[in-house]
Amino acid sequence: MTMTRRGLTLGGAGLAAASLSVPLATPALAQSEPIKIGWLAALTGPSSAPAIGFNRGVLYAAEALNAAGGVKGRKVEIITRDTQGDPTKAVNATQEMISQLRVHAIWGPTNSGESLAVTAIMARGKMPNIHPCVVDSLIDPTRYPNAFRIAPSNTQWDDAVRAYTLNIAKAKKVAVVGDTTGYGVSAANASAAALQKDGAEVVYKANIDATQPDMTPDMLRARNAGAQAIVIWSVSTGMIARMLNTRATMGWDVPFIGHPSLASGEIGTLIDKPANWEKVYAIGYKNCSYDASGKLPPRNEELLARLRGKINLQDTLLWWVACGIDAVNLVAKAVETGGSSTNESIIREWNALKNYPGYFGDYSYSATDHNGFPVSDIVMSAASTGKNGTFALAPGYG
Amino acid sequence: MLASILASGLAVGAVYALIGITYNTMYSTSRVMSFTAGQLGMLGGVFGSLFMLRLGVPLVPALLLTMAACALVGVITEFIAVRPVLKSLDQHLYVLSTLAVALLIQHLTALEWSTEPQPFPRLLAMGSGVWDEKYWLPVAACAVTIIGLEYLYRHTLVGRAFVAIAEDNFAARALGLPERNLRIASYAMAGAVGALAGFSGGQLLLAFFANGPLLNFYGFIPVALGGLGNNRGAVIGGILLGLFQQAANFTVGGIFSSVAVFTLFIIVLLLRPQGMFGMPTARRV
């Protein structure tokens, strides 16, 4: 039999038509392969503390899921890349995860600088991404329909601080202080504008160089202006500790309210005496704050009992660990309910998520809102009360 | 308020002055402006905190160890960043080499020490309010240093050899002075002075890796104001700078005070390019 060119063409066309008319069977491999979660973690370098805490939760959650038989029989595999807090390394790791490792979802990065660098890349790759970064612009369902936030945004932090300052601390004359970093300047400006909009009088606003050795000038000006509370937007523990020491030297008992750094353990080593850390209220989270009887909400009391002896909470924060657990569980939940680990399926399931009871917060997303953390779960903590990575609720919460 | 301005102004001014002296000491024997001066001050605070708080060394041995460690850093600087570029001073390669070493020191400190400010111990537990030791210790350290240097330069053979090298390098060498050894010694001495700045000002500045660039900038101003190589000028320039900066802090606020400081600096240099106490250099024709 001789094969003509026309015969070959017709035969090829026939084969192609036959293959299109019968749906391709899903390869068995996809049903049994592990659910691969890429984990972009700044595990070393200057901003590694949060990622180290998140990582403990991530590994714990993956182990727990796998010990229970996985997700519909599929194991969860965490593929970690240490970005060292460097946006360039985060970009390279993201490319690798999308193109070579072919992960099903990415958790992280854990700081906004890295996230700003990789968000667009993940959007182009339609990669389901969940992260805890606070910069507002990182979440935009139109531009980045694949990106979901699992922690509060800057605006949500600001809302919570303002609500506590005005409604619980009952301060009407407020001083707003940031450091001279881009974050400090923008956060202080936004905070002052929102306070004024809500009827407060911003009697003093300043951006202080974090290395300024003496805080007396700014504290004196704030006191002379009649400030009843000082709202702080800075990650500089040195600056905050100097301000607290100066407040004590001045014999002034004005409350400090603001950024979570107010509760950083570093401040405890820098203040002249423990009393200088009183009346300082840092952003905290309801599920990770204990009440007057020393108890966390029941769900997290139970988590704490399970973590005891397995995860060290002495040198980290419970919310970091809880958030890491929730991130892995949210991916697993999407695969379980959607029955698939394709990008489209995971994103569709997250868009439909309502009041998912996590350990860090109760998350809800929709197609138009990817800020899933409820502002009602943000509370103020008494900054000096750190215990097992948790804090006491600030006074004023029923 | 005046008392606070005077106390903190004199204190930070004294620290700036000591960093200015560090610049001058290195410059005098090498004609190199070494931008490691601020890092030596930063290391004074870090080593002080390391020896006293982490290792539990008592005050006097801790101070001596800190000065020795910074002197060693000074000597290393001379070997790797100064000596190789001495033959081409007119190309100002030392700017690059000393800045590179300064960055190296800063990054190593960040990696091995901490990126967060660390506490510095109370040294003598004396005084409170504006008389707190954190305000007067840098002033006392500055006074001791300037008196010690004056004594060294005027009344000792080694000191006179330093002056001779500073005055005329070639003539000093022709007289048989060991120019290279004296230069190494001057870098060790600069390290010790920088260490004293950071150690005495540690309670104000804390043990923080980011203090290096700050001290580099603000320590350079007294040198420019007081005249290059003029220690007395650096002390007066440093104290005036500290007082002016703190007065500006109290009156116009932190960010604007930096603007005020640099505006004044530029005005002074426009009026007296050789510095307030420097002499115009005569050029042979």
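What share of the 398 residues in chain A is buried? Buried residues make up 49% of chain A, a residue being counted as buried if 20 or more other C-beta atoms, placed from the backbone, lie within 10 Å of its own, as exposed if 12 or fewer do, and as partly exposed in between. The model is a predicted one, in which local features need pLDDT of at least 70 and side-chain atom pairs count only at pLDDT 80 or more, while totals for chains, interfaces and linings use all residues. Residues are numbered from 1 along each chain as its sequence is written, with chains lettered from A and ligands numbered from 1 in the order in which they are written.

Chain A contains 13 helices and 15 strands, taken as DSSP runs numbered from the N terminus (helices, H or I, of at least four residues; strands, E, of at least two). The C-alpha trace of chain A spans about 105 × 40 × 35 Å along its principal axes. Of the contacts in chain A with a separation of 6 or more, 69% join residues 24 or more positions apart, two residues being in contact if their C-beta atoms, placed from the backbone, lie within 7 Å.

Within chain A, six strands form an open sheet of mixed pairing in the order S7-S6-S8-S9-S10-S14, where two strands pair if DSSP finds at least two bridges between them. The edge strands are S7 and S14 (378-382) of chain A, each of which pairs on one side only. From one strand to the next the twist averages 30 degrees, with axes fitted to C-alpha atoms, for helices over the stretch in contact, and angles running from 0 to 180 degrees between N-to-C directions. Strand S10 (residues 280-285) of chain A pairs with S14(A) in the antiparallel sense over five bridges, and A:Gly284 stands opposite A:Val379 in S14(A). Helix H7 (residues 182-197) of chain A packs on the sheet, where it touches S6 (173-179), S7 and S8 (229-233) of chain A, and its direction makes about 165 degrees with that of S6(A).

The contact between the chains takes 19 residues from chain A and 22 residues from chain B. On the side of chain A that touches chain B, strand S7 (201-208) and helices H8 (216-224), H9 (237-250) and H10 (265-270) each supply at least two residues, and the largest share, four residues, comes from H8(A).

In chain B, the end C-alpha atoms of helix H11 (residues 231-252) are 30 Å apart, which agrees with the 32 Å that its 22 residues should span at 1.5 Å a residue, the expected span being 1.5 Å times one less than the number of residues. H11(B) is followed by B:Gly253, whose phi is positive, near 100 degrees.
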